[in-house]
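Open the model in your viewer and keep the selection tool ready. Each stop below says what to select and what to look for.

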Amino acid sequence: MSLLTMPFLILNFGGEMIYILEQRLHAQNIAKDKSNKVLQDVTRAMFSAKFVTELMKPQEIYSSSSTQEIFDRLAHSSIMRLSESSMDKLYDLMTMGFKYQLVSCGHPRELVEVTMNHLDSIRTAVEVSPSAAELVDTAVDHISKFCKEISNAEFAQIRQSLAAFFQDKRIKVSLFLQDGIQNPDGTIALPKAGPLVNDPAVETPGAIRYYADSGAVSSTQSFEYPLAAFMGDRLTGDPYDPKTRDSKLGKNLYTVDRAKKKEIAKAAAKPAAAGTTTSNQKLKESGGHAKAELKLLRDMIGAKQPASAFKINLFPDGGSESSPPGSPGTREIIISKITREEMEKTNRELVGVIASMNIKGDGGKDKDMLELMDDASR
């Protein structure tokens, strides 16, 4: 298991959380200013300097319950308050979103592009707040340097660690089922075809090379590989440049352009390996190899409930079809897409509520929250 997995787990989960919160706040008709405040507060907590620095240190990957505890703290670092049920469903959606992206990667190093896509989208979501956007920019610089120092072999271990983390997670998501990226049994649908990744060491399967003692190729044989015909051209983009980045994995699955609704990845013919189903209850691990680190990260987030905090049920329609306690079967979370045009509309019905919130700008309350996290980590 790799000791460098945590940044990829937390940052990609964080990106999924921002996507889902953005979508659900809009669906609940929460005023735009209030929604922006939630996203900015969560982003400032997630990308505070000391939190990111601690995240980059080599450490064992957390258990699922410990990871959920981190994101419970992050979600409640804002003016929003979630019920336990809403938090559980939010975490389940984050889990399945990132699991889909992980198993869809054609190469372990594609995790870099998935992570960068998440970070770029988070920055776009909070760009109206200079302080939050600056924190994301700093995190992008850190993760870029971090990734450039990791070998392909280490990336393979990171992917293996993440795959073990997601093993047996098969929560059905209505949106994924509709788009064909998830099978009816909750497994992820994998595509047969795809391009060659941007790595000279990766070739189309079908060649066997024999090497002499000197290291030179002495002879070559070929064999017919059934899926070779499905291989596309080699990718050429720069994973660190959003303009040329090849992978679309890590982008928002919940907000789409009307003209591109059908462009989400199509159903695969071959499902991923089946696993056992999970219950809707939190895991109750006792002990844990990362308790000290978990406490430190928790303290860095250290949320203080503001006077303007509001409670919200992110999934008012129930949002899940759970099996009776103790019975087998995957559960399903019902969620729909919304268009970017709909997301950008300003809800005017709660103007009076906003006026009473006394929301401060970048130099006010937000700065105090960052100082609070810094004090808690000392």
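**Stop 1**

Select α1 (residues 6-27) and helix α8 (residues 152-166). Helices here are DSSP runs of H or I with at least four residues, strands are runs of E with at least two, and both are numbered from the N terminus. The axes of α1 and α8 are 10 Å apart and cross at an angle of about 60°. That makes α1 oblique to α8. Axes are lines fitted to C-alpha atoms, for helices over the stretch in contact, and angles run from 0 to 180 degrees between N-to-C directions. Under 35 degrees counts as roughly parallel, over 145 as roughly antiparallel, 65 to 115 as roughly perpendicular, and the rest as oblique.

Now show side chains. From α1, Phe8, Leu9 and Phe13 make the contact. From α8, the partners are Phe155, Ile158, Leu162, Phe165 and Phe166. Contact means heavy atoms within 4.5 Å.

A word on the model before moving on. It is predicted: local features need pLDDT of at least 70, side-chain atom pairs count only at pLDDT 80 or more, and totals for chains, interfaces and linings use all residues. Residues are numbered from 1 along each chain as its sequence is written, and side-chain values use heavy atoms, with hydrogens and water left out.

**Stop 2: the nonpolar core**

Which residues have the most contacts inside the largest nonpolar core? They are Phe8, Phe13, Met17, Phe47, Phe71 and Leu162, in a core of 74 residues. Helix α1 gives the most to this core, with 12 residues. A nonpolar core is a set of buried Ala, Val, Leu, Ile, Met, Phe, Trp, Tyr and Cys residues joined through side-chain atoms within 4.5 Å. Buried means under 20% relative accessible area, exposed over 50%, and partly exposed in between (1.4 Å probe, protein chains only).

Centre on Leu162. Not counting residues up to four places away in sequence, Leu162 touches Thr5, Phe8, Leu9, Ile61, Phe98, Leu102 and Leu111.

Next, pick Phe71 in helix α4. Phe71 counts as buried, at 0% relative accessibility. Leave out residues up to four places away in sequence, and Phe71 touches Ile10, Phe13, Gly14, Met17, Met87 and Met94. Draw a C-alpha to C-alpha distance from Phe71 to Tyr91: 7.9 Å, for 20 residues of sequence separation.

**Stop 3: Asp72, the next residue on α4**

Asp72 lies in helix α4 (residues 64-75). Asp72 is partly exposed, with a relative accessible area of 26%. Asp88 is 16 residues away from Asp72 in sequence, and their C-alpha atoms are 9.1 Å apart.

**Stop 4: His118**

Is His118 buried or exposed? His118 is buried, at 0% relative accessible area. Its helix is α6 (residues 110-125). Beyond four places in sequence, His118 touches Leu11, Asn12, Gly15, Glu16, Tyr19, Gln101 and Gly250.

**Stop 5: Asn252**

Go to the loop between β7 (231-234) and β8 (255-256), where Asn252 is found. Asn252 is buried, with a relative accessible area of 14%. A polar atom of the Asn252 side chain lies 2.8 Å from the backbone nitrogen of Tyr254. Apart from neighbours within four places in sequence, Asn252 is in contact with Tyr19 and Glu22.

**Stop 6: two positive phi values**

Most residues other than glycine have a negative phi. Check Asn29, with phi near 60°. Asn29 lies in the loop between α1 and α2 (32-46), and is partly exposed at 43% relative accessible area. Then check Asp168, with phi near 70°. Asp168 sits in the loop between α8 and β2 (172-173), and is partly exposed at 28%.

**Stop 7: the whole chain**

Zoom out. The chain has 13 helices and 13 strands. Buried residues make up 47% of its 378 residues. Among contacts with a separation of 6 or more, 83% join residues 24 or more positions apart.

Colour by pLDDT, the predictor's confidence in each residue, from 0 to 100. The chain average is 76, and 67% of the residues score at least 70. Over residues 343-378 the pLDDT is below 50, and this stretch has 60 contacts in the model beyond near neighbours in sequence. Residues 320-329 stay under 50, with 15 contacts beyond four places in sequence. Where pLDDT is low, the predicted coordinates should not be read in detail.

Key. Polar contact = N/O pair within 3.5 Å; in protein donor to acceptor, adjacent residues only side chain to side chain.
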